[in-house]
Amino acid sequence: MSELRSASFWVGHIVVIFATMLGVYLAATAGFKQALKLDLLQSDRGTYYVSESLHQELVFNNENMQFYLDGLKGKSNVFNEHIEGIKLNNFIFNAAQESDSTFEIAPDLLSEVSQYYFTVGNALNTYYESEKESPRALVKVIKAETEKLAEQDTLARLSQYNTKLATDLEQRGVPTVQH
């Protein structure tokens with residue numbers, strides 16, 4: 001019982017308790033910081049893949065629409081045969097709507113991509129729902145939206161955004177190339 005009355009006994013136990021609390025606090029803080037870093041890496045990686053996929057789909061759609069527009073050069077009238085089978089590939093765009101990473105893409109770029117899909121998609125839907133009554137109106141919308149993409153430099157800016165994101169990820173040790 002004399003040990004309980006000893007000051008060194010109590011000081012030693014208080015130091016042990018304090019050291020334990022400090023150690024738990026420091027370990028928890030370090031673990032939390034690492035968890036945040038991992039979450040940010042996963043978020044940036046997801047954003048890169050969504051953005052790169054959107055870019056590739058938008059390039060495909062732009063080239064596809066340009067193919068139809070090029071086929072109409074020099075023609076004074078637009079007939080259904082000129083744009084037979086015209087469609088908008090929107091699989092990635094629709095899937096991206098369900099991804100948390102979509103809204104981490106630069107808002108101006110995301111807005112331009114969304115407006116393109118909305119305008120061209122509605123024009124195509126109207127064309128097919130009206131049983132192909134107005135090919136000229138459809139081509140007018142497609143031409144305007146294709147020119148708008150070029151004027152805004154959306155494809156190049158989205159590509160630069162993706163390249164910067166990929167470089168940043170690779171500098172942090174996260175590969176962006178899938179095998």
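This report covers the overall fold, the pockets, the cavity and a surface patch of a predicted model.

**Fold and extent**

The protein chain contains five helices and zero strands, and its elements run in the order α-α-α-α-α along the sequence. Its radius of gyration is 29 Å, whereas the globule rule gives 16 Å for 179 residues, so the chain is more spread out than a compact globule. Along the principal axes, the C-alpha atoms fill a box of roughly 110 × 30 × 30 Å.

The table lists the spaces discussed below, with their volumes and the makeup of their linings.

| Space | Volume | Lining residues by class |
|---|---|---|
| Largest pocket | about 310 Å³ | four nonpolar, four polar, six charged |
| Second largest pocket | about 170 Å³ | seven nonpolar, four polar, one charged |
| Largest cavity | about 30 Å³ | two nonpolar, two polar, three charged |

The largest pocket has a volume of about 310 Å³. It is lined by 14 residues, of which Leu69, Leu72, Lys73, Val139 and Lys143 are the closest to its centre. H1 and H4 are the elements that give two or more residues to this lining. The largest share, six residues, comes from H4.

The second largest pocket involves other parts of the chain. Its lining includes Ile86, Lys87, Leu88, Asn90, Phe93 and Asn94, and also Tyr117, Phe118, Gly121, Leu124, Asn125 and Tyr128. Helix H2 (91–96) and H3 each supply at least two residues of the lining. H3 gives the most to the lining of this pocket, with six residues. By class, seven of the lining residues are nonpolar, four are polar and one is charged.

The residues that line the largest cavity are Glu112, Gln115, Tyr116, Glu145, Lys148, Leu149 and Gln152. Helix H3 (107–129) and helix H4 (135–152) each supply at least two of the lining residues, and H4 gives the most, with four residues.

**Surface patch**

On the surface, Phe18, Leu22, Tyr25 and Leu26 form a nonpolar patch. Together these residues have about 450 Å² of accessible area. Leu26, one of the patch residues, is found in helix H1, which covers residues 7–71.

Methods: Residues are numbered from 1 along each chain as its sequence is written. This is a predicted model: local features need pLDDT of at least 70, side-chain atom pairs count only at pLDDT 80 or more; totals for chains, interfaces and linings use all residues. Side-chain values use heavy atoms; hydrogens and water are left out. On a 1 Å grid over the protein atoms alone, a cavity is a set of points where a 1.4 Å probe fits but cannot get out, and a pocket is an open set with protein on both sides within 12 Å along at least five of seven lines; lining residues have an atom within 4 Å of a point. Grid points are joined across faces, edges and corners, and a volume is the space filled by probe spheres set on the points. Ala, Val, Leu, Ile, Met, Phe, Trp, Tyr, Cys and Pro count as nonpolar, Asp, Glu, Lys and Arg as charged, and the others, Gly among them, as polar. Patches are made of residues with over 30% relative accessible area and no salt bridge: like charges are joined within 9 Å, nonpolar side chains (Val, Leu, Ile, Met, Phe, Trp, Tyr) within 5 Å. Accessible areas come from the Shrake-Rupley method with a 1.4 Å probe; for residues, only the protein chains shown count as cover. A salt bridge is a side-chain nitrogen of Lys or Arg within 4 Å of a carboxyl oxygen of Asp or Glu. The radius of gyration is taken over C-alpha atoms; the globule rule is 2.2 Å times the number of residues to the power 0.38.
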